Amino acid sequence: IRDGFHGLMSPEDYSDGGLINLSRESVRGISHLGGTIIGSTNKGNPTAYPVQQEDGTWVEVDRTHELLERFKEAGIDALVTVGGDGSLSIGNHLFQHGLRVVGVPKTIDNDLDKTHVTFGFDTAVDFATECIDRLVSTATSHNRVIVVEVMGRTKGWIATYAGIAGGADAIIIPEHEYDIEEIVATLRRRHRKGIKYSIVVVAEGVAPPPGFEPVEQRKDAFGFDRLGGVGYAIAAAIEARTGFESRVSVLGHVQRGGTPSAFDRVLATRLGVGAADFAIEGQSGVMAALRSERIVAVPLSEAVDSIRGVPERLYETAQTFFG
């Protein structure tokens, strides 16, 4: 760990190899801090490292064996990996190659299928809801349509929860195919009733309306599409069809930081204790999951096998209040 432990420990406290002993005293008082406390962040798959060749081309080199040797040399006999499907898939890969691994589900996207909820989600929804509340004031004052784009990658959990909580007039998510003409019709009905403002919440993973597609598609370190900005396309389509002045607010990465909610603090604590217990018991290849208010171990291979979207019934509940 290169840069300290959120200021709680100095470099002199590190043991050989850059390791920190996470005693009860050293971690006391960190539950209100967001972000990656120990400074380790997943910026790519360390088992498939890109290497540039002499001709300038890039190839992926499998460094699984090298990584396992480094764990062995450091005296680490078990890894607790905290993250979403990307980080947990890497953990599952290392488990299949002989390393003891226990996973902890952490993602604001809330899309891991084998746990009822992931920590980080509640905090993100709270923040997005507060932003929507503030934007309602602006939309009302200036008689505008405001499109609020939230995170969630290919799923619409944040958009659905924050949209319901914030009283959105329309919510657009990847799991439910939308028709821009239906959205426009909803906004026109509001105007005919004398309601001159509207809030439209959009998940970043939805497809843009026909005729408003981006010129190029960007990729992230994992090869996934880099999302963000579809709200501008939807706002442009709305304004082009209605003439209603439209604005966009892309909440972006501010949803990922800040002070965790009380719910997330408790859930993270319970999942962390559960993961530690599973490791001490000798379990491996499992993920700590919340099931019916209990923390249970589920196979890591199943946890990363599929991701979960917003169920149709929940979206139908949101639709009840559109317009």
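Predicted model: local features only at pLDDT ≥ 70, side-chain atom pairs only at ≥ 80, totals over all residues.
Biologist: How should I read a sheet, and in which order do the strands of the open sheet stand?

Modeller: In general, strands of a sheet pair through backbone hydrogen bonds, and the pairing is either parallel or antiparallel. Here four strands make up an open sheet in the order β3-β4-β9-β10, and their pairing is mixed. Because β3 (79-83) and β10 (294-299) each have a single partner strand, they stand at the edges, and one side of each is left without a neighbour in the sheet. On average, neighbouring strands of this sheet are turned by 30 degrees against each other, if direction is ignored.

Biologist: How many bridges join β3 to β4, and what lies across these strands?

Modeller: There are five bridges between β3 and β4 (residues 101-105), and the two strands run parallel. Across β3, β4 and β9 (286-291) lies helix α3 (residues 85-96), which runs at about 155 degrees to β3.

Biologist: Which residues touch the most other members of the largest nonpolar core?

Modeller: That core has 57 residues, and Ile199, Val200, Ile234 and Ile238 are the ones with the most other members in touch. Helix α4 (residues 121-142) gives the largest share of this core, eight residues. If you leave out residues up to four places away in sequence, the residues that Val200 touches include Val145, Ala170, Leu187 and Ile238. There is also a second, separate core of 15 residues, with Leu67, Leu68, Ile90 and Met287 among them.

Biologist: Is Thr160 buried or exposed?

Modeller: A residue is called buried when its relative accessible area is under 20%. Thr160 has 0% relative accessibility and therefore counts as buried. Thr160 is part of helix α5 (residues 157-166), and, apart from its neighbours within four places in sequence, its contacts are Ile171, Ile173, Val310 and Leu314.

Biologist: Where is Asn110 found, and what is its phi?

Modeller: You will find Asn110 in the loop between β4 and α4. Its phi is positive, about 60 degrees, although Asn110 is not a glycine. With 2% relative accessibility, Asn110 counts as buried.

Biologist: And where is the place of Arg153?

Modeller: Arg153 sits in the loop between β5 (145-150) and α5. Arg153 has a positive phi too, of about 55 degrees, although it is not a glycine. At 26% relative accessibility, however, Arg153 counts as partly exposed, whereas Asn110 counts as buried.

Methods: Residues numbered from 1 in each chain as written. Heavy atoms only, no water. Pairing = 2+ DSSP bridges. Axes fitted to C-alpha atoms, helices over the stretch in contact; angles between N-to-C directions. Contact = heavy atoms within 4.5 Å. Buried < 20%, exposed > 50% of the residue type's maximum accessible area, 1.4 Å probe, protein only. Core = buried A, V, L, I, M, F, W, Y, C linked by side-chain atoms within 4.5 Å.
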